[in-house]
Amino acid sequence: MAPTDTDPGTRPVVLDVFRFLPDAETEPRFQRYEIPYQDDHVVLDALNHVKNEVDATLSFRWACRMGVCGSCGMMVNGEPRLTCEVFVSEYYPEPIRIEPLAHFPVARDLVINMEDFMEKLPTVTPWLVPADPKPVEEGEFLQSPAQLAAYKRFSMCINCMLCYSACPVYGLDDTFMGPAALALAQRYNMDSRDGAKAERANVVTSHEGIWECTYVGDCTRVCPKEVDPAGAIQMAKLSYATDWVKSMLLPGANR
Amino acid sequence: MDVPVHDVLIVGGGGAGLRAAIAIAEENPEITVAVISKVYPMRSHTVAAEGGAAAVIKGNDSLDDHAYDTISGSDWLADQDAVEVLVSEAPGEMIQMEHWGCPWSREPEGEVAVRPFGGMQTERTWYAADKTGFHMLHTLFQTSLKFDSIVRYDEWFVTGLVVEDGRPQGVTAIELKSGEVHAIGAKAVILCTGGAGRVYPFTTNSAIKTGDGMALAYRAGVPLKDMEFVQYHPTGLPGTGILITEAARGEGGILVNRDGYRYLQDYDLGEPLDLDDPLHPQKRTMELGPRDRLSQAFIHERAQGRTIDGPHGDYVNLDLTHLGERTITRKIPMVRELAVRYVGVDPVTEPIPVRTVVHYMMGGIDTDVEARTLLPGLFAAGECACVSVNGANRLGSNSLTELLVYGRRAARSAAQFVGEAPDVSLATLRTEQEAARQRISDWLSTGSSGDDTVAGLRSILNDTLEEGAGIFRDESSLQRACDGIRDLKQRFEKVRLTDTSATFNYELTAALELENMLDVGEAIAHSALARTESRGSHQRTDHPERDDERFLNHSLAYQTDREPRIDYRDVVITRWPPGKRTYGTD
């Protein structure tokens with residue numbers, strides 16, 4: 001039997017892709033591409049098919065195509081997704097709308113400008129400040145599997161920006177430090193080797209920090225690595241509030 | 001923008017580059033340092049390393065054992081002074097990573113845990129579950145943020161090394177956001193750009209692994225060393241080439257052919273033990289043999305029709321089902337995540353289909369143990385460099401260690417160099433900047449004439465190398481690869497560019513990457529043609545034996561106007577005279 005355009009697998013994949021060329025255009029537009037269907041293709045593969053075979057002017061970031069470098073986050077039918085982790089078959093044969101991550105300025109096509117995050121990140125002291133420093137010659141700091149497990153989840157962030165794209169607070173007010181940066185601060189606060197929780201308070205508990213979060217939880221819902229930034233922020237709120245109460249009741253108890 | 005000048009400029013923001021940057025900021029704060037990278041540092045391919053990093057730390061282990069495993073694993077092509085440096089500085093570097101917060105997996109009492117790895121006689125591979133590279137890269141990146149003194153040029157693509165008076169003066173580079181071409185001055189340049197797996201069609205490497213630093217050095221007259229040695233990893237997912245870590249075998253996973261038979265026992269890798277034997281998995285035996293031998297065994301099995309036919313080529317099965325859900329989830333969660341997502345197989349209940357896949361370049365920019373190249377002021381570390389600690393075959397979990405040890409050494413050497421170096425020539429930098437700008441702008445305005453696309457030529461290059469310089473090669477296949485690459489270089493001169501935009505022009509950068517890949521491919525094919533012996537990952541079917549009389553030496557490929565010139569330099573032997581490589585019979 002001859003294939004018809006209603007047969008699964010013979011109809012093309014329809015991609016409606018956000019295009020914006022700042023050198024040449026004042027307004028963004030959508031461009032439709034129709035490409036052959038392959039059931040094992042992820043959305044990133046479809047975009048690469050376009051780039052290699054159809055239209056080399058389409059710009060998007062990607063690198064590892066295995067969900068760990070964090071480059072290829074985009075809006076797929078309105079949801080922030082890692083395009084290397086979302087299969088075309090999830091939408092096929094319906095058209096797939098692909099846009100740059102929401103809440104960020106668009107640099108070109110599907111490429112966002114994420115400099116805001118890169119500037120915020122260092123302000124939360126996202127590195128270990130040993131509570132009890134010692135030279136390398138004295139060996140490793142001991143950390144039990146349970147102590148490791150306490151923060152491990154919050155150390156899994158790949159900086160893919162999906163959570164910023166989902167966060168309604170960040171969407172309204174980009175002075176908010178945002179989910180990934182605050183989760184990382186909490187990751188170090190919870191590390192048994194670290195002693196800089198009080199230092200981080202300046203930024204983490206500032207007006208732009210944890211108290212801005214209204215606990216919608218969309219960051220956790222869209223996180224591709226199950227980091228649970230919403231949970232991290234809630235834990236930080238509780239932890240810093242407890243410290244504050246203790247400091248009121250027992251001056252000097254936290255130092 | 002005027003020409004910014006730094007004392008040291010590091011090209012590449014992965015593990016080696018960040019380790020070098022931190023070393024300079026911490027140990028030589030009077031020296032100014034910048035990191036330039038075509039991607040944000042946390043996108044660098046170090047992020048994808050899974051299994052772990054080797055360093056002697058436990059009482060049952062010794063530096064000499066680590067050195068012996070590495071040297072025999074290299075088929076005696078590693079320089080033994082470089083290996084001794086690697087193994088002796090490794091423990092300190094790994095503890096330093098721990099002090100910087102790397103979330104190493106732990107033993108019950110809180111010490112770091114280690115796991116067995118291929119070709120290693122003792123368990124000495126430190127790991128952070130099976131996302132070791134990810135955790136190391138993010139630990140290094142986050143630690144680097146401590147230092148305001150480290151200047152970063154994120155998403156800048158280096159187009160050339162500026163050389164004058166016999167030393168580097170800096171680089172020319174495109175700022176991807178604006179498309180502007182700049183010059184950046186530096187008294188010393190450290191290349192840390194990683195590997196070049198993308199010259200092959202099927203690779204674990206990310207899209208950015210196009211050998212950029214190797215090509216920069218090669219074009220500046222620095223030789224590329226041992227480029228014929230390309231590591232195929234035995235366990236990649238069919239179709240995508242996504243890596244399934246060797247840690248899966250370190251934890252006890254087995255490889256079986258279409259008959260469910262543990263075929264490695266037929267390839268001089270020892271005898272299999274029962275899966276419930278407490279000694280399974282045996283080190284330096286069967287599934288814990290070295291990668292070159294396991295990948296070659298796969299090709300032999302396939303030739304005899306004992307692999308399994310799949311939609312993306314033949315495969316064998318990596319069976320983890322006997323490990324149980326708890327071990328898989330606790331020790332190798334990413335293996336499960338990747339297998340479920342990309343091939344629809346849950347390794348708790350079903351074997352994972354796997355096949356050989358290009359993974360690592362043992363060869364690279366020729367350096368000495370101080371990470372110096374033959375061009376004073378130019379240094380290199382990590383996969384883009386060849387010290388050589390990996391020789392003809394790298395052992396799994398030595399490369400993450402190498403990028404720390406030699407990244408720091410490169411920083412130290414560069415710091416020493418800038419103390420005595422004269423100022424850079426701004427006039428030269430401006431001239432080179434203008435030349436680079438002119439070339440790009442001419443290319444963008446006239447580049448639409450040819451018939452060949454960047455993607456089209458890249459695909460031909462990929463097939464040319466796989467067919468000519470794959471796991472098994474011979475004179476005629478390699479000659480075809482050399483001829484094919486020469487032809488591709490000519491076609492590349494007229495490659496068609498359709499994107500004329502300045503902002504994030506990834507067609508332009510792909511073309512520049514392809515230009516780099518053509519140079520790297522040329523060095524691979526010609527070096528492999530010239531080495532008429534078989535050693536480690538370089539298997540010549542027309543010269544099947546190792547030939548220590550003629551080839552206990554490193555190849556050095558120099559670019560010329562025509563074919564590359566191949567010279568040789570003797571391997572450094574200190575305490576381990578060349579011997580027979582034996583596995584499974586200790």
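Two residues are taken to be in contact if their C-beta atoms, placed from the backbone, lie within 7 Å. The structure is a predicted model, in which local features need pLDDT of at least 70, side-chain atom pairs count only at pLDDT 80 or more, and totals for chains, interfaces and linings use all residues. Residues are numbered from 1 along each chain as its sequence is written, while chains are lettered from A and ligands numbered from 1 in the order in which they are written.

Confidence is a friendly place to start.

An automatic or database domain assignment divides chain A into domain 1 (13-112) and domain 2 (115-249). At the interface, eleven residues of domain 1 of chain A are in contact with twelve of domain 2 of chain A. The domain 1 side comprises six nonpolar, four polar and one charged residue (nonpolar: Ala, Val, Leu, Ile, Met, Phe, Trp, Tyr, Cys and Pro; charged: Asp, Glu, Lys and Arg; polar: the others, Gly among them).

Turning to a helix pair, A:Leu182, A:Ala185 and A:Asn189 in α6(A) meet A:Lys197, A:Arg200 and A:Val204 in α7(A). The residues of this contact divide into three nonpolar, one polar and two charged.

Methods
Helix = DSSP H or I, 4+ residues; strand = E, 2+ residues; numbered from the N terminus.
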